[in-house]
Amino acid sequence: MADTPQDQASGLRKMTHIPKPVKVIAIASGKGGVGKTNVTVNIGVALATQGKKVVLLDADLGLANIDVMLGLHPQFNLLHVLEGEKSLKEIMVDGPSGLQIIPAASGVKKMAELSPAEHAGMIQAFSELDEHIDILLIDSAAGIADSVVSFTKAAQEVIVVVCDEPASITDAYALIKLLSREHGVERFHIIANMGRSIQEGRELFDKISLVCDRFLDVTLNFMGIVPFDEDLRRAVKKQRAVVEFLPRSKSATAFQHLAKKIDYWPVAKQPRGNMEFFVERLIQASLEAG
């Protein structure tokens with residue numbers, strides 16, 4: 001017997017609710033002060049302007065500052081989700097160009113300290129967002145804290161932001177070394193921030209690549225540079241993303257190019273390539289780190 005129009009409509013509704021795979025990208029840095037959060041925010045806005053549904057998770061659980069950077073005043077944050085008071089959708093705030101932000105809170109317990117009930121709540125909370133997201137960007141804390149390890153292990157791709165300073169280069173290598181040798185992360189994408197030229201950015205990448213090739217079994221990809229730009233500083237002072245505030249500036253153009261590269265990355269084909277799988281990996285990584 002042929003399906004009735006009602007049966008066909010019901011089947012279509014079921015199909016449209018199948019969770020779409022989500023690109024989960026962690027952005028990290030070996031040390032603070034290299035502009036990692038600014039890079040994350042502007043890549044997120046650039047992806048959103050290109051038509052992608054992007055959620056940015058502020059994963060610096062101790063020193064959350066994405067809301068400050070964008071002049072936002074969230075009433076609730078991730079702590080309210082972990083305590084079962086709010087859903088993830090209820091705490092999300094709208095950023096520029098349709099970017100959605102999950103705000104963190106200073107002093108939230110590390111992932112390794114969550115109770116089994118909170119673990120289950122996290123999985124459920126993120127799973128509810130599956131059909132609404134193309135890309136989840138994670139702005140991790142700087143350095144090699146347990147939470148950084150947890151989020152980067154759970155992500156499909158890891159971007160490391162570096163600037164041309166000895167401490168930044170040394171700490172970026174230390175982060176890559178830890179993640180590769182102890183946690184099995186094999187592929188890293190490098191962004192040279194505050195570069196004076198493409199050549200300078202390439203030379204910075206070559207410095208990191210040389211030592212990694214010698215001592216580590218990893219694959220490094222040079223994504224490009226974000227140029228030193230006074231317009232970017234102006235945007236920061238105005239608490240605006242430069243991609244939205246001054247879209248024709250040198251730095252905004254660079255962020256748009258970086259976003260296009262990310263858009264071309266394939267979605268990792270996992271047993272369940274959706275948000276639930278990401279959070280299960282996140283929890284497993286946090287337990288191992290603890």
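Entry 1. I looked up how helix H8 passes helix H9 in this predicted model, and I recorded a right-handed crossing. H8 covers residues 166-183 and H9 covers residues 198-215. I noted that the two helices pack at an angle of about 35°, and that their axes are 11 Å apart.

Entry 2. I then asked which residues of H8 and H9 meet. From H8, I listed Ile169, Tyr173, Ile176 and Arg181. From H9, their partners are Leu204, Lys207, Ile208, Val211, Cys212 and Phe215. Sorting this contact by class, I found eight nonpolar residues and two charged ones, with no polar residue.

Entry 3. I turned to the sheet. Eight strands form an open sheet with mixed pairing, and I wrote down their order as S3-S4-S2-S5-S1-S6-S7-S8. Which strands lie at the edges? They are S3 (93-94) and S8 (219-227), each of which pairs on one side only.

Entry 4. Within the sheet, I examined S2 (residues 54-59) and S5 (residues 135-140). I noted that these strands pair in the parallel sense over six bridges. Val55 stands opposite Leu136 in S5.

Entry 5. Finally, I looked up helices that lie against the sheet. H8 packs on the sheet and touches S1 (23-28), S6 (157-162), S7 (187-195) and S8. I recorded that the direction of H8 makes about 160° with that of S6. Helix H12, residues 250-264, lies across S1, S5, S6, S7 and S8. H12 runs at about 155° to S8.

Note on methods
Residues are numbered from 1 along each chain as its sequence is written. This is a predicted model: local features need pLDDT of at least 70, side-chain atom pairs count only at pLDDT 80 or more; totals for chains, interfaces and linings use all residues. Side-chain values use heavy atoms; hydrogens and water are left out. Axes are lines fitted to C-alpha atoms, for helices over the stretch in contact, and angles run from 0 to 180 degrees between N-to-C directions. Helices (H or I, at least four residues) and strands (E, at least two) are DSSP runs, numbered from the N terminus. A crossing is left-handed if the near helix is turned anticlockwise from the far one by less than a right angle, and right-handed if clockwise. Contact means heavy atoms within 4.5 Å. Ala, Val, Leu, Ile, Met, Phe, Trp, Tyr, Cys and Pro count as nonpolar, Asp, Glu, Lys and Arg as charged, and the others, Gly among them, as polar. Two strands pair if DSSP finds at least two bridges between them.
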